[in-house]
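This briefing is for a reader who has not seen the structure before. Please look over the sequence and the model, then read the points below.

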Amino acid sequence: MLIRNEAHSAIGCFPPTFVRSVEGRDFFFNNDKIGGAIVQIKTIQTVEEIRPEHTVGRTVIMIDVLRASSTIVTALHSGFVSVIPVASIGQAYDLRSPATILAGEQYCENIADFDYNNSPTALYKAKHSGKHLVLITTNGTRALQKIDKAENIFIGCFLNSTACIRKALSLHHDITLCCAGTRGEFALEDGLAAGLMVHVAKNSFPFVHACNLSEKLEACYLHHFPQLVQCLLASTTGKRLVEHQHTEDIFFCSQVDFLQAVPFIHEKRILLSSFS
Ligand SMILES: O=C(O)[C@H](CS(=O)(=O)O)OP(=O)(O)O
């Protein structure tokens, strides 16, 4: 039910009129026709800071640029039917079958008997059409368990940033950009990808209200995007990945809008959205 806000009573003329529903959702009107709901975008710095109000009734984009989100986007782009995130190495071994491939890392190190590290570059070259990827990573796959109450959950990174935020906007829920972070700390690369998504959202849809952090991260992205690879190489996670000989993945993960795949979570599996 909509309640007209008397402070904005200029119905029928531009600028549009803003109205708050009894459910607390804001809408805008153009020439007395409903133009749509205002989408609020909130960015969370690390998954540890996620509270129920950031997920319930909202669309959440989980961002773990280095590397879980990039790996998931690439795997689904490359023909895997699904990605199954697991919480322990034992669970991954239990799911081993002719239909599955095991990938992941623990603190950047390879896991014994796994087919791949958490490497988007390797999965981009791999040919496993029709198989399911079982994935465990230090931060990203665990982060997913903390946002499972969201209305919709998408997986985003630089590789699919425009496709991902546009898909989220199309659902007309408020959006939480959840930066996974690294080992409990904010990760610059996640914040920069969030900033890019905020920028795309503001340029795609006229009535986006972004929180202060979102606005600052947008400015940060716009400042840094000419040297994105250098930024990622100099980040805490980037340095760690270089030490572990995963430099190629940093270059791969810094490619903005290289892929169109938009993964979403359905019943604990990650699938390709039909829109992708
Ligand atoms: O190896 C990765 O991709 C990282 C390891 S670290 O803990 O951030 O160094 O894990 P992820 O879960 O993808 O952030």
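This is a predicted model, with an average pLDDT of 90 for the protein and a score of at least 70 for 86% of the residues. In residues 1-13 the pLDDT is below 50, and this stretch has 21 contacts in the model beyond near neighbours in sequence. Where pLDDT is low, the predicted coordinates should not be read in detail. The scores of the model are ipTM 0.95 and pTM 0.89.

Ligand surroundings
- There are 16 residues around the ligand, and those that come nearest are Arg67, Ala68, Thr137, Thr138 and Asn139.
- The shell around the ligand is made up of 7 polar, 5 charged and 4 nonpolar residues.

Leu144 and helix H5
- Helix H5, residues 140-145, contains Leu144.
- Leu144 counts as buried because it has 26 C-beta neighbours inside 10 Å, where 20 or more are required.
- Leaving aside residues up to four places away in sequence, Leu144 touches Met62, Pro85 and Ile265.
- From Leu144 to Phe154 the C-alpha distance is 10.0 Å, and the two are 10 residues apart in sequence.

Helix H10
- Helix H10 spans residues 236-243, and Thr237, Gly238 and Leu241 are buried in it.
- These residues lie on the same side of H10 because they cover an arc of only 100° around the axis.
- An α-helix has 3.6 residues a turn, so residues three or four places apart point the same way.
- The cover over the buried residues of H10 includes helix H7 (188-204), helix H9 (228-234) and helix H11 (247-253).
- After H10 comes Gln245, which has a positive phi, near 60°.

Definitions and conventions. Residues numbered from 1 in each chain as written. Predicted model: local features only at pLDDT ≥ 70, side-chain atom pairs only at ≥ 80, totals over all residues. Near = placed C-beta within 6 Å. Nonpolar A, V, L, I, M, F, W, Y, C, P; charged D, E, K, R; others polar. Buried ≥ 20, exposed ≤ 12 C-beta atoms within 10 Å, placed from the backbone. Helix = DSSP H or I, 4+ residues; strand = E, 2+ residues; numbered from the N terminus. Arc of directions from axis to C-beta. Contact = placed C-beta atoms within 7 Å. pLDDT = per-residue confidence, 0-100.
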